[in-house]
Structure formats: structure tokens, C-alpha cells
Amino acid sequence: MRLLMWWSGRALSSAATLLGVSVLIFTAVRLMPGGFAETVLGPFATAEQKAELATRYGLDQPVFMQYGHWLAAVAGGDFGISMISRQPVGAELLARLPVTGELTVLAVIASALAGVPLGVLTAVRSRPGGGGAAGRLLSGLGVSVPEFVLGSLVVFVFSRYALGLEVGTWVPFTRDPAANLATMVLPAAVLSVFAISVTARTTRDAVLGVLVEPYVTAAVGRGESPWFIVRHHILRNAATPVVTLLGTITAYLLGGALIVEHVFNLPGVGSYIVQAVGRRDYAVVQAGVLLAAAVFIVMNVLIDLLVGVLDPRLGVLAGRRS
Amino acid sequence: MRKLDRLSIGGLVCLAVLVVFALGSLVGAGGEPDAIVGPRLQPPGPGWWLGTDNLGRSVLPRVMEGVGTTLLLSSVAVLVTAALSATFGIIAGYRGGYLNELVMRLVEVLYSFPAIVLAILVAAVLGPGQTAALASIVLVTIPLMTRLVRAAAVAVSQRDYVTSAVISGAGLPRVLGRHVLPNVAGTIAVQGTYALSVGIAVEGGLTFLGFGVQPPQASLGVLIQQGGTYMIAAPWLILGPGVVLVAAILAINVVGDGLRDRLEPRETRSLT
Amino acid sequence: MSLLTVRNLMIDYAETRALDGADLEVAQGETVGLVGESGSGKSTLGSAVGRLLPRAARRSEGEVVVAGEPVFDLPADRLRHLRRKRLGFVFQDPIASLNPTMRVGDQLRLVLGRGADVGFHLGRVKLDDPRVVRSYPHQLSGGMAQRVAIAMAMATEPELLVADEPTAALDSQVREEVLNVVFSLAAAAGTSILWLSHDLPAVARRCDRVAVMYGGRVVETGPAREVLGHPAHPYTAALAGSAPAAAAHGVRLEPVPGRPPVLTGPSPGCAFAPRCPFAEERCEHERPQPVRVGDQDVLCHRAGEVAA
């Protein structure tokens, strides 16, 4: 019961944020140079097309009614028609979603599998006064190389020298899983570099924070071995900031996917948005941005739920004080 | 106060070198960015230490100029962010109430966008260019910094010296200016450095996609984007600006870490 | 052979000196109260017994010997074995000393081993309510949590239990219960107790011997009754005189004038000299050596004259 109440509170709050996001996007699209009709229909629209658009989007009505129309349309799954391809935007987004999804999921798995152990290790071996400079430099490097730089370099290396992996081709997973993974390895790796480094750094900070807690000292005083302590005391207690971070990383990865898809020429949502901006296909831009924000918001709600379960002190599932 | 450790000092030195580079480009050191000095697409060598581009221009002065543009743009943006975040964060944190709710809600909306996506949206509205790049950096970095400043302001406003200042009749500006701000300044400084590195990366990404700084203006992002076209034949076109960009971001992050360690030093324990 | 021997221990943190030549002995089966104000170094000494100091701490001199083994010179695995088998620790903040994300029963089982009878051990510390096993630490009261901590520390039947102000965070009613549990369990198992506290009369009531700390050194040790009744060190005398519980009705309480020192290096003379009513010239620059007065060992140049 408590869980339900807490969760509905969170869901409402997120819905409010999503609404705010939609207002922002709506305003942005309205402010784009060229006027709405022209941006949606292109510069060669006829008067009739413009009139039809005006009625459909209620452009002769006050602004917030227009917003209402737009919101209703979006909620019903109607994201408009792509100016370039003349296809419904919703369908095109759906078709491209698996690529971006696969890329993001691979990167998140890599962050968890590589970043967390790395963070724990560097924390347990740290010395006062900020020792372990090599580790910090390495993870610092990982955080400091933007994807477009790394991606370009990787594309260069693998295009110029035949190293077994091809760049610029893509095969759908359903057609040939092995070939698909071969094409996804490099882009996912580039996308993961930052994510792994940030995860490692956050995990390190979280573990260091836990290391000085009295219950860890008590465990050391009982003669428990370092790995026993890590396993039973540290991991679960350092988990909250790390799990929260994985939620934030999703946002970062969604953005990074944009660039990586562009550089590696993958048919995902990200490259779709980038192309659309260049071609002033604003229906697509609007839909893509809304989708990205919505995914992030939903991720965060799920993460909050997970954190509530993990930390009994937050009292979401645990009982009341006796 | 402990000194900054060696890594952070290294970072500061690196940054200083980059700033010198940028200033050097103003006086023409390293060559003219737009002058054609030799054959096209030459690898690094005497006369053009970072190679030449597709028009025969030496890459070195272009990188120097690019560093200046990138650093200047991002620094200005972060200063704007710092000013705005400080204002909103302190007011929200200290005052609380509906002001707090409003600020936090706005911040949360902004924070829901992945950075590049927000930047692209801004560029779509404002049109590609320097202004869009600047505005993007500001909007991308404001949410996190405002949140952190607000949290720090909340903590500070509950301290006794603030309560006693208020009780002894200090006016709001005085309380904010003399008691809250100095203690929040540390957070602003540390987060400001991280925001700077984020800003540089965002500007680079936006420009790389074609929506940020536009040629003939050169930022490091422009150079990398232009170099991409000729990458296979002339990798130095990317390597030069790329390495410099990474060095700048790395140096800033390292300095940020050092600042954070100095302002919030941690006790450590061993597990043996 | 004594169970614990601390000999001339000197420990520094970055800019302050916590221990300036501390000596202490605890025999098998004996209960010792270590009394001192905050900053006297008693927590550092207690932690040093198990080498539980933060990384920033540096030992410049002296040694700690537990059951014949030199604590600071042991390799990691021998040290862990020593902690596991011979030592037990109870800390000041009971709830913080338990893992917040693990139920109490699971934590006990972790310490005792899988097949252990958790209920029995909780019963020994008078926690018979079956809900305790399923609770998380933050759901317990301070007294209950401390009893869990005691059960965990005593689970392996250590030879020495170090209790660092175990009742400081507890309500006064609960304090006596917790102390009863500690002392009865220890007596039953033959465990020695080193009880760190700032409360001289309370310590003297329950312990066999009392040690008084000031300025990073143990300035007086002896049988509890003697130290409380006939203190040989000026500081002990002042402490006894300023304690509300020890005062007779109608007697004026005399606070100890001045402030405890914060050392930055070895003390050139006696650390108490600036506040001592008996101080003479040589107290400023000559470090006192242990002197025997009756049954007590005292660090004072004028030891014999103080005990009146």
C-alpha cells in the first residue's frame, strides 16, 4: 500500500515533468525560423496545403488550444508526417528504435560489467592524499574523450587498416545476429568508453564513502577479510549512488548515441534526428526529442523504484520503526 | 589547506599552455590561420608542424585559433551558468517554499533532455552559429549546477551563523551575500570546472554535427568536422585538434578533481 | 603474562599528536576502565589495540602486544586472525556500527556461521523479542542495537573486549542495562574488558582497575577504589572533585580550570602542568616517569605529595 502511494506520487511528478518538457518542445518548434506552416510543409507549400494545416493544427486558434491539439495528437501516437519522406514520423521512429536500443543496452551492460568492478578496485586500493594517480588519469581520460573524436578515430583506423571489423555497414539483428553484433561492437565500444569511466569514478566515490562508515570499521575489527567485507557490506551499501548513476548515464547514452550513429552511419533514432535537423524536418525533430526525454524520465522513475527496494532506510518497502 | 596534488598541478600547467597557445594565435605566432603555406594535405613537417589541410593552410595556427575560440566560448557560457545557477540555487535553497518548487521543476524539465539533444533543439530554434553554441552550453549545464548550489544553500542556511545573522537583523542581501554565498562558492567553483569540460564537449559535438560554430570561424569542433572528410588520406587533420581538445578537457577535469579533493578532503581507511 | 601490553605508544595524525607515550596493561580476566576527556587519546588507544586506526595515523614509537603478538608488526592474515579470535570491539554509535541494509538476524548469522542459533545469542543479551531478528538496524532503539553489537562482538568469545564509550549515545535508563549485559557476558566467558569512558565514578564502580588519560598519556593506573578514593595524580584528583556523582551532598563542585591540550608533537614536560595546582618549574620541561605510590602507578614529579 505504501509502495503504491509512493509510486503514484512519483508517477504523477514525472508526468508533470513530461508535460513541462512537451511545453518546452512545443514552444521551441513554434519559435523556429520560418513559421510553423513553412517548417512543417517546407518552403514550397501551396496555399491550400497551408490552409489544411492551419485547420488540422488549429493555427487560427489561441496558442494554448494549439498546444492542446498537438498534445492530444502526440498522446494518440500521431507525431505528424515527415516532410522529407512523407511517411508518418511515428512509424519511422519505431522502425529505427531497435538500433538505438541495442546500442544503448550494450553500452549500459558494458558500464555495469566493467565500470563497477573497476571502481570498487580503485577505491579499495586508494591511499590518502589522492594516490593511485595512474587509475585516476586513466578514468579521467575515459571521461575526457568526446565520442565524436573517438568515433572518428576508430572509423579512421578500421577503415584505413583491415582489422577484421568493418565500419559503415549495418545488418539487422533479425537477419544475421552475428554480423549485426560485428557491426555494433565498435560503435557500442566508443559509446561505452565514457559510460564505463563515469561508472568507475562514481562507484569509487561511493565505495570510499562507505569505507569510512563505522560498520565497516566494526567488520574490520571482527577480522573479516577485505573481499568478505566488500561482498557483504560494501556492495549493497554503495549500490544506491551507482544505480542512480546508471539512470543518469542513460540520458548521456541517448545523446551519445546520436553522435555515434552519425559517425558510424547506423540507421537509428539518433542519426534520424540529426539528419532531420539539417533538413529542417521539424516534425521529426519534435518527435525525436520528445521521445528521448520521455525515455529518460521513465528510466529515472524505474531507477527510483529500484533504489527504494535496495535501501531499506528509505522505507519504501520496509516496515515502520518499532 | 592542503596543496593541490601533483596531478592537478599538471592539469593547471597544461591549461596554461593551451591559453598561451590561444593568446599566441592573436599575435600571429605559429603562422596565419588562413594563409596558404604549402601543398595540400601534407603530413606534419618543417614549415607546417601539424600538417596542412585541403587548401594548403597550416593546421597549427588553425588549431591555436581553435583553442582560443573553444575556450573563450565555453568559459563565457560557464560564467553565465555560474551566475544564473548561483542566483536561482541560492534563492531556492534559502527561501524554500513555492519559489523552490518552481525553480526545481524548471530545472528538472531541462535536465530531462540528453545534452546533445537539448543543444540541437537550441540550435534549431536560434539557427546554427556561435550564439546557439553558447546558449546550448548554458542550458545544458544550468540544471545540475543549480541543483547542487541549492542543496549547498539549504545546508548552509540551516547553520547557526546564518540563523544568528538573521536574528540580529541582517537584511536578506547581506545574509545571502556575506554568509550564504561564500560557503556555496566552493561548490560553484568545483562544479564550474566540470561544467566547463562538459561545455567544451557539447560545443564540440554540436559543431561537429554542423549546428554550432560555423566556418570560416574555427573552433576545435569545426576543425575536427572538416578534417573528417579527408580523414582517410590525412589523419593528422583530426589528430591535431582532437588531441588538443582531449588534453583541454582532461586538464580541466583533473583540476576539478583536485579542487574537489582540496575543498572536501576525505578520510580513508584500509580494509586490512 | 598480561593479555594486553601497550608500551610507550606514540601516534600522530597529520598535524596533531594523539598519543604521546601511553602505557597500559590489561591482565587475563580483568576489567579495566580507561578514563579521559575528549581529546585525551583514549579512542586512539582503544583503536590501536586492534590496529583499527585510519590510514592517516602514524605510529612513531612504542608497541602494542596482544596475547604475545605485536599488533603493529603482524602480517595481514595473522592480524585478521588475532582480531577474529582474541579481540572484540563495541563502538559508540550502535546503529551506525551495524550494516544498514542487512537484517539483524542475517548479520548475526554472518558472524556466527550459517548453522548458528541466532536466537540463543540474542537471548544472552536479553533481546528475546522475535521481531528483532527480522528488523533492520534503523528500526531498533539505541539500546537494542548496542546489545546486538555486543552479541556480535562476544560471539567468538574474545579474550579482550574493547568498548569505546558504549553508552554515550544511549538514554540514562538504558545505560545500566547495557553495561549489565556487557559485564555479565564477559564474566561468564572470562573475557577481559577495556572500557573507555569519560565518567570516572561509573567506571570505578564496575571495574577492577582504572587508568586515567591526559594529553595522550596514561597518567595514573591502579585499583578502582584506590584511584577514585585516593587519587595520586593532580588531574585524577581534580576529575574526582568535579564529578557530580562523586561529590558529597553540599560540597562545592570544582571544575578543572583551563582546557585540555592539543598536542602537535611530543610534550616537552608534563602535559597537565599549565592547569596543575601542584606544578613546579621542572614540570614544564621534564617528562614525568612512572612512580609507584601505594598500589598505583603515576606519572607525576610530585606523586607522593598529592595523595592525601
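Strand β4 (residues 58-66) of chain C pairs with β5(C) in the antiparallel sense over two bridges, where strands are DSSP runs (E, at least two residues) numbered from the N terminus and two strands count as paired if DSSP finds at least two bridges between them. Within this pairing, C:Val66 has C:Glu69 of β5(C) as its bridge partner. The model is predicted: local features require pLDDT of at least 70 and side-chain atom pairs pLDDT 80 or more, whereas totals for chains, interfaces and linings use all residues. Residues are numbered from 1 along each chain as its sequence is written, chains are lettered from A and ligands numbered from 1 in the order in which they are written, and side-chain values use heavy atoms, with hydrogens and water left out.

**The sheets of chain C**

The β4-β5 pair belongs to an open sheet of four strands in chain C, ordered β2-β1-β4-β5 with antiparallel pairing. Its edge strands are β2 (17-26) and β5 (69-70) of chain C, each of which pairs on one side only. Helix α1 (residues 42-49) of chain C packs on this sheet and touches β1 (4-12), β2 and β4 of chain C; helices are DSSP runs of H or I with at least four residues, and contact means heavy atoms within 4.5 Å. The direction of α1 makes about 120 degrees with that of β1(C), with axes fitted as lines to C-alpha atoms (for helices over the stretch in contact) and angles running from 0 to 180 degrees between N-to-C directions.

Strands of a sheet pair through backbone hydrogen bonds, either parallel or antiparallel. A second open sheet in chain C has eight strands in the order β6-β7-β8-β3-β9-β10-β12-β11, with mixed pairing. Because β6 (87-90) and β11 (290-293) of chain C stand at the edges with a single partner strand each, one side of each is left without a neighbour in the sheet. Neighbouring strands of this eight-stranded sheet are turned by 20 degrees against each other on average, direction ignored.

C:Leu34 stands opposite C:Leu196 in β8(C). Helix α7 (residues 172-189) of chain C packs on the sheet, touching β3, β7 and β8 of chain C, and its direction makes about 155 degrees with that of β8(C). Helix α2 (residues 76-86) of chain C lies across β6 and β7 (160-164) of chain C and runs at about 70 degrees to β6(C).

Chain B holds nine helices and zero strands. The C-alpha trace of chain B spans about 75 × 50 × 45 Å along its principal axes.

|---|---|---|---|
| Chain B and chain A | 46 from chain B, 64 from chain A | about 4,800 Å² | two |
| Chain A and chain C | 29 from chain A, 22 from chain C | about 2,300 Å² | zero |

Buried area is the accessible area (1.4 Å probe) that two parts lose on being put together, summed over both. A salt bridge is a side-chain nitrogen of Lys or Arg within 4 Å of a carboxyl oxygen of Asp or Glu. One joins A:Asp205 and B:Arg260 (3.4 Å, N to O). On chain B, α3 (97-111), α4 (115-126), α7 (172-209) and α9 (236-263) each supply at least two residues of the side that touches chain A, and α9(B) gives the largest share, 11 residues.

**The contact of chain A with chain C**

Carbon and sulfur atoms give 58% of the area buried between chain A and chain C. On chain A, α9 (214-221) and α10 (226-264) each supply at least two residues of the side that touches chain C.
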